[in-house]
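Hello,

Here is the structure I promised to pass on to you. Please open it first, and then read my notes below alongside it.

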Amino acid sequence: MRVKIYGPPGTGKTTTLQRTIDYTLGNSSEPPIPLPESFPTDLEPKNLAFVSFTNTAIDVIGKRTGITTRSKEAPYMRTIHGLILSVLAEHFDPVAVDNLGKLADIQAEFSMRMGYYYSKDPFEFAEGNMKFNVITRALELYLPKTGDVEEALKLIDNREDRKFALAWYRYKRQKKIMDFDDILVIGYEHLEDFYVPVEVAFIDEGQDNGPLDYILLEKGFEGAKFVFLAGDPLQSIYGFKGADPRLFVRWKADKEIILPRSYRLPKKVWLLSQSWALSLGIKGAVVRYAPSEKLGRVSRMKFIEALSYAVEQAKRGRSVLILARTNSLVKFVGNILSIEFGVAYGHLKRASYWESHLLKFIEGLQMLKLWDGVTPIKVQDTKPITGLIRKLKDKHAREVLRRWRDSRQWSLEVQAVLQRIKKNPSEYFYITDFDRQALKAYFSKARLDLTEELIIDTIHAAKGEEADVVIFLDFIPTRSEERINPEELQEKLVAYVGFTRAREELIIVPTPAIKYHPMRDFMGVRQILGVVNFHKHLLIKELVGGL
C-alpha cells in the first residue's frame with residue numbers, strides 16, 4: 001500500500017511520522033492517521049526504513065522515537081546516500097568512501113584550479129558550489145535517459161558549466177576519488193541489486209527528491225508492504241539540484257492524507273501564503289488546510305525601520321528571524337546590525353561571526369582585565385581562551401594557549417605569555433576594521449547579546465524553522481541578476497518557504513535605495529500584494545465556511 005502525506009507548513013508532519021513509527025513498533029496504541037487493519041504494529045526497527053534529505057532530519061526522528069539510527073538496530077534509517085552505501089556496500093571502494101570526509105577540501109582545490117571560488121559553507125551559493133550543483137542536477141535529470149554519466153554531463157546547456165562538469169568527472173577517475181553524486185550513480189548502475197528488506201518504509205521531505213532519487217527509492221522499496229511519502233511540494237526549493245515539486249504530486253498513492261491544520265501560521269500569514277501558492281499554478285500542489293486560531297499580522301516596513309523593530313522585539317524575548325535570499329545579503333545585514341546597532345546576532349545551522357569570534361574574544365579580554373598578572377587562572381570555561389587564540393597574531397602564543405586550554409594546566413610559560421599580552425594587547429591581536437567598529441558599537445551602546453533571539457540567515461537555511469517574527473527581505477544584490485531569476489518557479493517556491501516561517505508576524509521589506517550596495521526586487525511587494533488581492537475573497541470564503 002502506498003500512502004502520500006501532504007504536510008503544509010506547521011501542520012506537524014514530523015510529529016505525524018514519529019507517531020506512526022511509534023505505532024508501527026508497538027509503542028503507541030492509536031495511529032495518528034487512518035491505517036488499515038493489516039498494518040503491522042509490532043515491528044522491530046530493523047524491519048523499518050526512514051529516508052530523508054539530511055542527516056539532521058534522520059537524527060530528529062531518531063531522537064523522537066528513541067531509535068539509534070544508522071545502527072545495527074535500525075540499519076535503514078538513513079539519507080538516500082547512506083542507504084545506498086549500506087545496501088550496496090560491496091560495490092564501493094572503501095578508501096574512496098573514507099575520503100568523502102575530505103570532499104569539501106578536494107572540491108575547493110579543484111574549483112580554484114578551474115578559476116572559481118568554492119565555499120565550505122553549505123548555504124553559500126559561491127560560483128564553484130553552483131558548478132557542482134549543476135552536475136548534480138544534470139545527473140538527476142539526464143542519467144535515467146542516457147544511462148551513461150559522461151553522456152548525461154554533455155547535455156548541460158551552458159558551455160562553461162559543461163566544461164567544468166566533464167573536467168571534474170575525468171579528475172575523479174584519474175585520482176580514484178568519488179563524490180556524493182557517484183553514490184547515486186553506482187546505485188543506478190546496480191539498480192537490480194538495490195533491495196531494502198523492510199516491511200514499512202517512510203520517505204520524508206519527498207519534495208526534495210529528483211527523478212533519479214525516485215527511481216532508486218521505488219526500486220529499493222518495491223518489496224515493502226507499506227510505503228509512505230511525506231512532504232509539501234510547495235516547499236521544493238532545491239530545483240537547482242534537480243528536485244521538482246511535480247514529481248511529488250504525480251507519485252501514485254493508494255491513499256492521500258492531508259494534515260488538516262497549521263499550528264504555526266496565523267490567519268493573515270496563511271492568507272498571504274495560500275494566495276501565493278495558488279498563483280504558482282502547480283496542479284495538485286495546493287491543498288486545503290486551516291490556519292491556527294491566531295489572527296497574526298502581515299505588514300510592510302522600510303529597511304532600517306525593520307531592523308530597528310527586529311532588535312526591539314528580540315530585546316523583549318520574541319524570536320526574530322531575518323530572511324535573505326543570498327548569503328552576501330545576510331553578511332550585509334549582519335554588518336549593519338553590528339556597526340549601527342551594536343547588536344550580536346546568530347545564524348541557524350552555523351555559528352555567526354559574533355558567536356565564533358567576537359563574543360569569545362570579549363570574554364577573553366575581560367578575563368585578562370580581571371587577572372592580577374600572577375595568580376594562576378582556573379579554567380572553568382574554555383571559550384575565553386579560544387577567543388584569544390583566534391585573534392592572536394603570534395604563533396608561539398597561540399600554541400601555548402592551546403596547550404593550556406586543552407590540558408587546563410597552568411604553567412610559568414602560560415603566565416609569561418598572558419603577561420606580555422596584558423601589557424600590550426594591540427601588538428598581539430589581529431583586529432580588522434569591522435572588528436574595531438563592531439566592538440566599539442557593542443560597548444558604546446547596550447552591549448546586546450541577542451545571538452539566541454535574533455537570527456539572520458538565508459531562506460534555504462531556514463527551511464523547517466520558525467519564529468514569532470519573520471522579516472522577509474524582498475530584495476537581492478544587483479550583482480545576483482544573472483544567477484537569480486525571480487520569474488522562475490524555483491524562486492517563487494523559495495519565497496513561499498520564507499513567508500511560511502512566521503508564527504505571529506510577517507514583515508515584508510521592499511527594496512531600499514543604497515548607493516554603495518545597489519539592490520533590486522526579489523519578488524516585488526506590488527506583485528505579492530496583487531496576488532493576495534486576487535485570491536483573498538475565495539480564501540476568506542473557505543476560511544469562514546470551514547476547511
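**Aromatic rings**

A search of the whole structure, which is a predicted model, turns up 26 aromatic pairs.

Begin with Phe-202 and Phe-228. Their ring centres are 4.7 Å apart and their planes meet at 10 degrees; planes under 30 degrees apart count as stacked, so this pair is stacked. Phe-202 belongs to strand β4 (residues 200-203) and Phe-228 to strand β5 (residues 226-231), so the pair ties together parts that are 26 residues apart in sequence.

Next, have a look at Phe-472 and Phe-499. The centres of these rings are 4.7 Å apart, but the planes stand at 50 degrees, so the pair is tilted. Here a strand meets a helix: Phe-472 lies in β12 (residues 467-473) and Phe-499 in α21 (residues 489-499), so the pair ties together parts that are 27 residues apart in sequence. Phe-472 is buried at 0% relative accessibility, and Phe-499 is buried too, with a relative accessible area of 0%.

There is also an aromatic cluster to find, formed by Phe-110, Tyr-116, Tyr-118, Phe-132, Phe-164, Trp-168 and Tyr-171.

**Charges over rings**

Which residues lie over the faces of Trp-251 and Phe-248? Over Trp-251 you will find Arg-2, at 4.1 Å from the ring centre. Over Phe-248 there is Lys-4, at 5.6 Å from the ring centre.

**Helix α18**

Finally, please turn to α18, a helix of 12 residues (412-423). From its first C-alpha to its last, α18 reaches 16 Å, close to the 16 Å expected at 1.5 Å a residue. Which residues of α18 are buried? They are Val-414, Gln-415, Val-417, Leu-418 and Ile-421. Because these residues cover an arc of only 165 degrees around the axis, they sit on the same side of α18. The face turned away from that buried side carries the exposed residues Leu-412 and Lys-423. As for what covers the buried residues of α18, the list includes α15 (353-370), α17 (395-407) and α19 (425-428).

I hope this helps you find your way around. Enjoy exploring!

Best wishes

Conventions: Residues numbered from 1 in each chain as written. Predicted model: local features only at pLDDT ≥ 70, side-chain atom pairs only at ≥ 80, totals over all residues. Heavy atoms only, no water. Helix = DSSP H or I, 4+ residues; strand = E, 2+ residues; numbered from the N terminus. Expected span 1.5 Å × (residues − 1). Buried < 20%, exposed > 50% of the residue type's maximum accessible area, 1.4 Å probe, protein only. Arc of directions from axis to C-beta. Contact = heavy atoms within 4.5 Å. Phe/Tyr/Trp six-rings, centres within 6.5 Å; stacked < 30°, edge-to-face > 60°. Lys NZ or Arg CZ within 6 Å of the ring centre and 35° of its normal.
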